[in-house]
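User: Could you take me through this model? I would like to ask about a few places in it.
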Amino acid sequence: MPINFTVVPVEDAEGSGGGNSSSSVAAVGEGSRPVSLGKIFRVEEDDDNSQGPHSGDDGQRESSPFINTDNDREHYYEGKNMALFEEEMDSNPMVSSLLNKLANYTNLTQGVREHEEAEYEDGIRRVAVMVPQMGTFIGVYLPCMQNILGVILFLRLTWIVGTAGILGSFAIVSMCCICTLLTAISMSAIATNGVVPAGGSYYMISRSLGPEFGGAVGLCFYLGTTFAGSMYILGTIEILLIYIAPKAPMFEELSNNMRVYGTCCLLLMALVVFVGVKYVNKLSLVFLAWVVLSILATYAGAIKTIIEPPEINTCLLGNRSLKNYMFKTCAKTALVKNVTAFTELWSIFCESDDANATCDEYFTLNNLTEIQAIPGLLSGVINDNLWGEYGPANTNIEKKSQPSVQVQDSSGDTSMPYVSNDIATYFTLLVGIYFPSVTGIMAGSNRSGDLRDAQRSIPVGTIMAILTTSFIYISFVVLFGACIEGVVLRDKFGYSVNKTPVIGILAWPSPWVIVIGAFFSCCGAGLQSLTGAPRLLQAIARDEIIPFLQVFGHGKANGEPTWALLLTVGICEIGILIASLDAVAPILSMFFLMCYLFVNLACAVQTLLCTPNWRPRFKFYHWTLSFLGMSLCLSLMFISSWYYALVAMVIAGCLYKYIEYRGAVKEWGDGIRGLSLNAARYALIRLEEVPLHTKNWRPQLLVLCKLDSDLGVKHPRLLSFTTQLKAGKGLTIVSSVLEGTFMTRGNEAKTGEKNLKATMAAEKMKGFSHVVVSSNLRDGFSLLIQSAGLGGMKHNAVLMAWPTGWTEARDASARRNFIETVRETTAAQQALLVAKNIDHFPGNQDRLKEGTIDVWWIVHDGGLLMLLPFLLSQHKVWRKCKMRIFTVAHMEDNSIQMKKDLQMFLYHLRLDAVVEVVEMHESDISAFTYEKTLVMEQRSQLLKQMQLSRTEREREAQLIHDRNTASHSATNDRDAGAPPNRVQMTWTKEKLVNERNRHREGMDVKDLFNMRPEWENLNQSNVRRMHTAVKLNEVVLKKSRDSQLVLLNMPGPPKNKKGDSNYMEFLEVLMDGLDRVLLVRGGGREVITIYS
C-alpha cells in the first residue's frame, strides 16, 4: 500500500512576540515573507566523508533511526510555531531534519583507498571519495559472473561429465545451482532489508543471527575464501605446467612441482595485493573479457562440429586410451621409405626394436585404432555418454564398446602410456569438486556500498548471474556429452589429445583461447580471493567479538589489512602444500555451504519471527524456500564429504562457544534474540497452563541484597552462596531496594543495578538483577516478593542475610523489615532461607577439603532441608563435605525405630547421609533460661520506652511503677493460681547493665532466691519458648560445633506483633555459638519425592 506524505509549510505570525529577538531579526531581514521550516530548525552537519579511525562498536549507529548520526552537532531552534515541542528538539528532531539527513546520505565505498588517494590537511587524514555510480550490470552482474565462472569450468567440467555421465552431471549441476539460487533469494531479502556495510555475507549473518553465529560463520567463510585462493593458484600452476610450459617442471611428480611453483605464485600475488589492489581491479575487466571469449569460443566450436568436426584423433590399444603426446604414430609398425619400421609405441611396449622381441602381453594381443576425439553433435555419441563410469584410483580409462582381449590388469604401471584415473571416482566426490564452480554469488552484496541503488541491483544482478551461469553449465554438460568421445572426457589432463585441455579441443578457432582464458580466470580469481579474504577478516576483527583476532583489525595508514593479509597467505600456503585441486575443492565447498546454510537460516528466522524491522524490498521470498535451501546445503555438505562436513561443523561450533564465553557482548537486534523472545513467551505460556509437579521443583531464588552507601553490594558472599545453590539450574533474581522516589533516585537505581550485574559476573552467576525505589524498605521488599518474576518463572524461595545489627540499632526498622519479610513469604507460600554470618561463608574459589553439612530436621517443611545439602554438594566448593541429618526424639518416641524409618526414607530419596536421632529429655527450666527471658523482656520494654515522647515516657514509667508496687504487695496473699502474663516491673538502663554483669559472674542460691518474684512475673509462654531455644542450642552446639554448615528449621514469627522483638531473641539464642547457619522455612509444599 503506497504511503503519501504531505508537507505543510508553517509560517510565523506577523508582529507577534515582540520579545523574541530571533523573530525580530527575521522580520527585519525577511520583511513579511514566511519563514521556512528549514530556517526555523537548522542542523549543522560535517561535510567530511572520510573514514576516521575505527571506533569499535557500531551498535549505537545501527540502532539509530538515522543513517548518519556520527557528525551531528547541536540543534539550533528559531521561531515559535513549534515552541510546543521545543524541549524535545534535542532528542526528537523535526521531520525536516530527518528528511535532510536521508537525502544527503552517501554510503562510503568499501573499495580499497590507495596511498595516492590520501590527503593530509591540518594533520588530519582526509580521503576524497566519489559518490557510487555503479548500476546492476557493472556492479553486480559482471562481478558475480567473474566469480562463478572459473577454474572448475575449464579444468574439471569435462572430466565430471565423462565420469558421472550426462544424467549424473545434470543432477550435480542442478543441485548446486538450485542451492545457490535459493541462497541468493534469501540473501536478496536480507540485503534489501537495510544498508549492508563492509563485510558482505558476514555482516548479513551476524546482524541477523547474532555475533556468535556471525563470527563463527564469518570465519568459516573467510577460510573458504582463503582456500579458494589456494584452489585458483593450483589451477593456475596446473595450466602453466601442463599446457603452457610443459618443460618447466623441476620434479618428476606433479605434486612437488605444484608446491614449489604454487608457493612462488602465492608470494607474487600477495606482493601485488600489498602494493596496489587498484591494478587488480583494473585488470579484472580484462580477465572477465577473456572468460567470456572462451565461453563463446566453446559454443562456436560445438556449433562447428555440426558442419565439420575437428580432425583430432585419439589412439586406443584394444579399448584402452593412450597418452598420444608420448608418440607420433598410432601403430605398431610404419612404412618408412618402403621399409617396415617399428614405431615409438613398439619401443615403449617391447624390450627391443626386433620383431622377435618380448612385448607386453596386452600390446601383443590387441590392435591399435584411432577414433575421432570429437565426433560432433550429430554423431550419436550422446547415447554412450548418458551414464557414468566410476572406478578406483590408477584404473585405465577404457572404451567399453571397443573389442579387446583382456589380460592380467596392468593398472598402476606408470611406465606404460595408458591414461588412467589419478584418484578414485564416485558421485559424492564429484559433487564436492564441482560445487566451488557455483560459488561467488556474494560478490554483489559485498559491493553494496559501490552501487547506485543496492536494494534493486543486488537481487536482480545476483539472480540473473546465477540463471546465466546455470544455463552455461547445463548447456556445457549437454554439449560435452553430445560432442566429445567418452574416453576423452574422462581424460582429466588431456593426455590423450596431446596435453591439450579437453574443452580446448572443442573450442574454435584455437585451443589457446581456452588456455589463456583459463589462465587469466584463475589468476584473476586468485587475486580477488587474496584481496577479499583479508578484508573479511578485518571486518570481523573490527567488530571485536573475537578477542584473539583484534590485531588483524589494524593495517597500513590507508586501511590496507596488512596483518590479515599475512595470515591469509599462511593459510593459503596450507592449501597449496596439499598440491591437489581435487583435494582442496571439497574443503572450501564445506565452508561455503556452511555460510550459505546460515544465510538461508537467517532469512527463515527473520521471516518466521515477523519482527517489525523485517521489511525487505525484495518480495519474492518465503520461509519455505529458505528452509529448502538450508536443507539442501546441509545435504550437499554430507554428500560431498561427511568427514569434512563434521570437521567444518566442529570448527564452527568451537568458534561459537568461544565467542559466547570470551567474546564481547554485542546487541545488534539479531534474529536469535527475537527467536529467544518468542521461545520464552511460548515457554512461559506453557508453564502457566499446568501446575508445577514436585519432580520439577527447583529453588528459584529471589536474593534480597543490601547496597552500601556507594551502591555496592554489601554482602558479595550472598551471591557466592547463591551460585553454589544453583545446581538445580533454576531462576535467580538478585534485587535490592532504595528508599526514596524514582524521580530523585532513578539514576542511583541504575547504578546499583549495574553494580549488581558486575558482582554477579565476578561470581560467575547467571541470573537477573533488579533494583527498585520505594518509599520505605518494607514496601520495597513486599513489592519484590509479590511481583518479581513472570508467569511460570516466578521465584519460589527468598534468600537473605541475617540482620546482624538489629540489637544495636536505635530504631526497630531492621527488626520489623525482617519479620515482615518472613510473614510475607509465608503468606505467599514461598520458602525462606536466612544465612547467618554470610561473610564467613566460602567463596566460589574456596575448596572445603573435609567437614560436614548438618541438617537439624525438627519439623517437616516439605523436604527443603534435605534437598538443599544435596544441591550444595553438587558444587565444587562443598563436594567433599558429608551430609548428616539430625532429628529430635521425645520421651514418648521410639528413637531406634525413628532412625530406621529415616534411613529408609533417605534411601528412597536417593540421598547419602548419616542419620542420628537426638533425645531431648524433659527437664526443669534452668535459671539461665529465666534470666535470658527476663533480659529479653526488659530490652523489649526499654526499646518501647525509647520510642515514646518525653511526656508519654514519664506517664508510662509512673504506670509501670504503680503496677509493680501493686504486684509486690499482693505477692504474699495471692493464691497458687496462674501467674500474670505481663512483666510487673520496670528496669532502668543502669539496672539492665548491672543485671547482665551479674549473670556473667554467675548467680548463687541467694541471688536465685531473690530473683524468684521477678521470674514469676515473666510471661510463661516466652519462658517456654526460650527454654526450647536454649536446650536445642545446647544440643546443636554439642553435635555440630565444628560443622561447615548447619541447616535449621526456622520457626515462624508470632501472630501477635507485640512479640516481634522476642522472636528475634529466640532466633539469636537458637543460633548462638554457631558460625555458619542457614535458617530454612518451607513454602508449604512438597519439594522432594521418592517416586521416579
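Predicted model: local features only at pLDDT ≥ 70, side-chain atom pairs only at ≥ 80, totals over all residues.

User: Where is the pLDDT below 50?
Analyst: Residues 11-80 have a pLDDT below 50, and beyond near neighbours in sequence this stretch has 90 contacts in the model. The pLDDT is also below 50 over residues 967-989, a stretch with 27 contacts beyond near neighbours in sequence.

User: Let us turn to helix H18. What span should it have, and how far apart are its end C-alpha atoms?
Analyst: Helix H18 covers residues 511-542, which is 32 residues. At 1.5 Å a residue it should span 46 Å, and its end C-alpha atoms are 47 Å apart, which agrees.

User: How many of the residues of H18 are buried?
Analyst: In H18, 24 of the 32 residues are buried, so the helix is largely enclosed by the rest of the structure.

User: Where does Pro561 lie, and is it buried or exposed?
Analyst: Pro561 is in the loop between H18 and helix H19 (562-578). Its relative accessible area is 3%, under the 20% cut-off, so Pro561 is buried.

User: Which residues does Pro561 touch?
Analyst: Leaving out residues up to four places away in sequence, Pro561 touches Pro534, Arg535, Gln538, His554 and Gly555. As for Leu537, which is 24 residues away along the chain, its C-alpha atom is separated from that of Pro561 by 8.6 Å.

User: New topic: how many aromatic pairs are there in the whole structure?
Analyst: A search finds 30 aromatic pairs. One of them is formed by Phe221 and Phe592: their ring centres are 5.5 Å apart and their planes lie at 80 degrees, so the pair is edge-to-face.

User: Where in the chain are Phe221 and Phe592?
Analyst: They belong to distant parts of the chain, 371 residues apart: Phe221 is in helix H8 (residues 201-244) and Phe592 in helix H20 (residues 581-609). Phe221 has 7% relative accessibility and counts as buried. Phe592 also counts as buried, at 7%.

User: What about the rings of Tyr434 and Tyr473?
Analyst: The ring centres of Tyr434 and Tyr473 are 5.5 Å apart with planes at 80 degrees, so this pair is edge-to-face. Tyr434 lies in helix H13 (residues 427-434) and Tyr473 in helix H15 (residues 454-483), so the pair ties together parts 39 residues apart in sequence. Both tyrosines are buried.

User: Which residues form an aromatic cluster?
Analyst: Phe342, Trp346, Phe349, Tyr362, Phe363 and Tyr418 form one. Arg320 lies over the face of Tyr362, at 3.9 Å from the ring centre. The charged end of Lys332 sits over the ring of Phe363, 4.8 Å from its centre.

User: Finally, which residues of strand E13 are buried on each side?
Analyst: Ala797, Leu799 and Ala801 are buried on one side, and Val798 and Met800 on the other. That is 5 of the 5 residues of E13, which spans residues 797-801.

User: Which strands pair with E13, and in what sense?
Analyst: Strand E10 (residues 701-704) pairs with E13 in the parallel sense over 3 bridges, and Leu702 has Val798 as its bridge partner. Strand E14 (residues 831-836) also runs parallel to E13, joined by 5 bridges; here Ala797 stands opposite Ala831.

Methods: Residues numbered from 1 in each chain as written. Heavy atoms only, no water. Helix = DSSP H or I, 4+ residues; strand = E, 2+ residues; numbered from the N terminus. Expected span 1.5 Å × (residues − 1). Buried < 20%, exposed > 50% of the residue type's maximum accessible area, 1.4 Å probe, protein only. Phe/Tyr/Trp six-rings, centres within 6.5 Å; stacked < 30°, edge-to-face > 60°. Lys NZ or Arg CZ within 6 Å of the ring centre and 35° of its normal. pLDDT = per-residue confidence, 0-100. Contact = heavy atoms within 4.5 Å. Pairing = 2+ DSSP bridges.
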